[in-house]
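I opened my notebook beside this structure and wrote down what I looked up, one entry at a time. Come along and check each spot with me.

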Amino acid sequence: MAKNETQYEKYLRNGKDIFETYCFTEDRNPIMLPRAPQQQYIDIYPNEDQPGCSFKNDRNHQLNYEAEVIVYRALEKVGKPFIVLHSFEYTHFQYHLGDTGHDKRKCRKCKKMATNREGECDFIVIASNYFVVIEVKNMGHIGEVSDSESNKDHQMQVLAKTFQKSLEQRKKMVDLIRRFCKRLTVLQFTVYPNFLKRFSCEFQLSRNQKSTIIFKEDIDDFSNWWNDNVSDFVLDEPLRSEFR
């Protein structure tokens, strides 16, 4: 660390060095980090549990992972020169870097759990003058016509909870980014890659909130969706000096 350099400044310097060393390219295709989705689960779990042995949570984790892979592959094909970070984790210490309202001396976590994981973001897209924060939720079974009304009520409640959780996750990541890059545009979305747009009425949300949802049809034609919902909202200008 340079003399009198703060930890915040060190992170900015290291980020610049990493970008210039590993991420500078004339190729107008995304740089995916990691280069392929990290497989954390086995390919197939038994459809039925055995006595005393349940794979329900494992199956759910696998389905969630597969939903993220769908989004990963869609981002690969967008054809824009940006960097994609998949499954970005940050510690309590890292989350509060640059947070002037956070008093480390009074924070119990800073004293005992500073290196513990504070949170995780499914995807962060880093472009020359903007960021996109993406959370992925797997709710493909919602909206099936065979569902009973009581079951649909329960599913709508679950759907509302998953979206609310994604809002909280998105906000934490946006807050972290804006501590480092205060003037850059930060867009944020929640993706339901297996959820058809015709069932969007299941979301009891404001028009503004619903506009941040990406549906299956959008993922299937993601390059056009990206042009309409991201590229048209940001200017094609050089990277601002604060992030160089």
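This is a predicted model: local features need pLDDT of at least 70, side-chain atom pairs count only at pLDDT 80 or more; totals for chains, interfaces and linings use all residues.

**Entry: Gln-209**

I started with Gln-209: is this residue buried, exposed or in between? Its relative accessibility is 29%, so I put it down as partly exposed, since buried would need under 20% and exposed over 50%.

Gln-209 sits in helix α6, residues 207-210. I then asked which residues Gln-209 touches, leaving out those up to four places away in sequence. The contacts are Phe-163 and Leu-167.

**Entry: the whole protein**

Next I stepped back for an overview. I found eight helices and six strands. Read from the N terminus, the order is α-β-α-β-α-α-β-β-α-β-α-β-α-α. The protein has 244 residues, and 39% of them are buried.

I looked up how far the contacts reach along the chain. Among contacts with a separation of 6 or more, 68% are between residues 24 or more positions apart. The protein exposes about 14900 Å², with carbon and sulfur atoms supplying 49% of that area.

**Entry: strand β4**

How many of the seven residues of β4 are buried? I counted seven of the seven in this strand, residues 130-136, so β4 is largely enclosed by the rest of the structure. I reminded myself that side chains in a regular strand alternate between the two faces of the sheet. With that in mind I checked both sides of β4. Tyr-130, Val-132, Ile-134 and Val-136 are buried on one side, and Phe-131, Val-133 and Glu-135 are buried on the other.

Then I looked for the partners of β4. Strand β3, residues 117-126, runs antiparallel to β4 and is joined to it by four bridges. One bridge I looked up pairs Ile-124 with Val-133 of β4.

Strand β5, residues 185-191, pairs with β4 in the parallel sense, over seven bridges. Here I found Glu-135 opposite Thr-190 of β5.

**Entry: the nonpolar cores**

Which residues touch the most other members of the largest nonpolar core? They are Leu-75, Val-132, Phe-222 and Trp-226, in a core of 26 residues. At least two residues each come from α2 (56-76), β3, β4, β5 and α8 (222-229). Helix α2 gives the most, with five residues.

Leaving out residues up to four places away in sequence, Phe-222 touches Ala-74, Leu-75, Val-78 and Ile-214. There is also a second, separate core of 19 residues, which includes Leu-85, Met-173, Phe-180 and Cys-181.

**Entry: helix α8**

In α8, Phe-222, Trp-225 and Trp-226 are buried. Looking down the axis of α8, I saw that its buried residues fall within an arc of 100 degrees, so they line one face of the helix.

**Entry: aromatic rings**

I counted 14 aromatic pairs. Tyr-90 and Tyr-95 form a stacked one, 5.6 Å centre to centre with 25 degrees between the planes. Both Tyr-90 and Tyr-95 are buried.

Phe-189 and Trp-225 form an edge-to-face pair, at 5.0 Å centre to centre and 80 degrees between the planes. This pair links distant parts of the chain, with Phe-189 in strand β5 and Trp-225 in helix α8, 36 residues apart. Phe-189 and Trp-225 are both buried.

I also noted a cluster in which ring pairs link Phe-163, Tyr-192, Phe-195, Phe-199, Phe-203 and Phe-215.

**Entry: backbone details**

Where is the cis peptide bond I looked up? It joins Leu-33 and Pro-34, with omega about 0 degrees. Pro-34 lies in the loop between β1 (31-33) and α2.

My last stop was Ser-87, in strand β2, residues 83-91. Its phi is near 55 degrees, a positive value in a residue other than glycine. At 24% relative accessibility, Ser-87 counts as partly exposed.

Conventions
Residues are numbered from 1 along each chain as its sequence is written. Side-chain values use heavy atoms; hydrogens and water are left out. Buried means under 20% relative accessible area, exposed over 50%, partly exposed in between (1.4 Å probe, protein chains only). Two strands pair if DSSP finds at least two bridges between them. Contact means heavy atoms within 4.5 Å. A nonpolar core is a set of buried Ala, Val, Leu, Ile, Met, Phe, Trp, Tyr and Cys residues joined through side-chain atoms within 4.5 Å. The arc is that of the directions from the helix axis to the C-beta atoms. Accessible areas come from the Shrake-Rupley method with a 1.4 Å probe; for residues, only the protein chains shown count as cover. Rings of Phe, Tyr and Trp (its six-membered ring) pair if their centres lie within 6.5 Å; planes under 30 degrees apart count as stacked, over 60 as edge-to-face and the rest as tilted.
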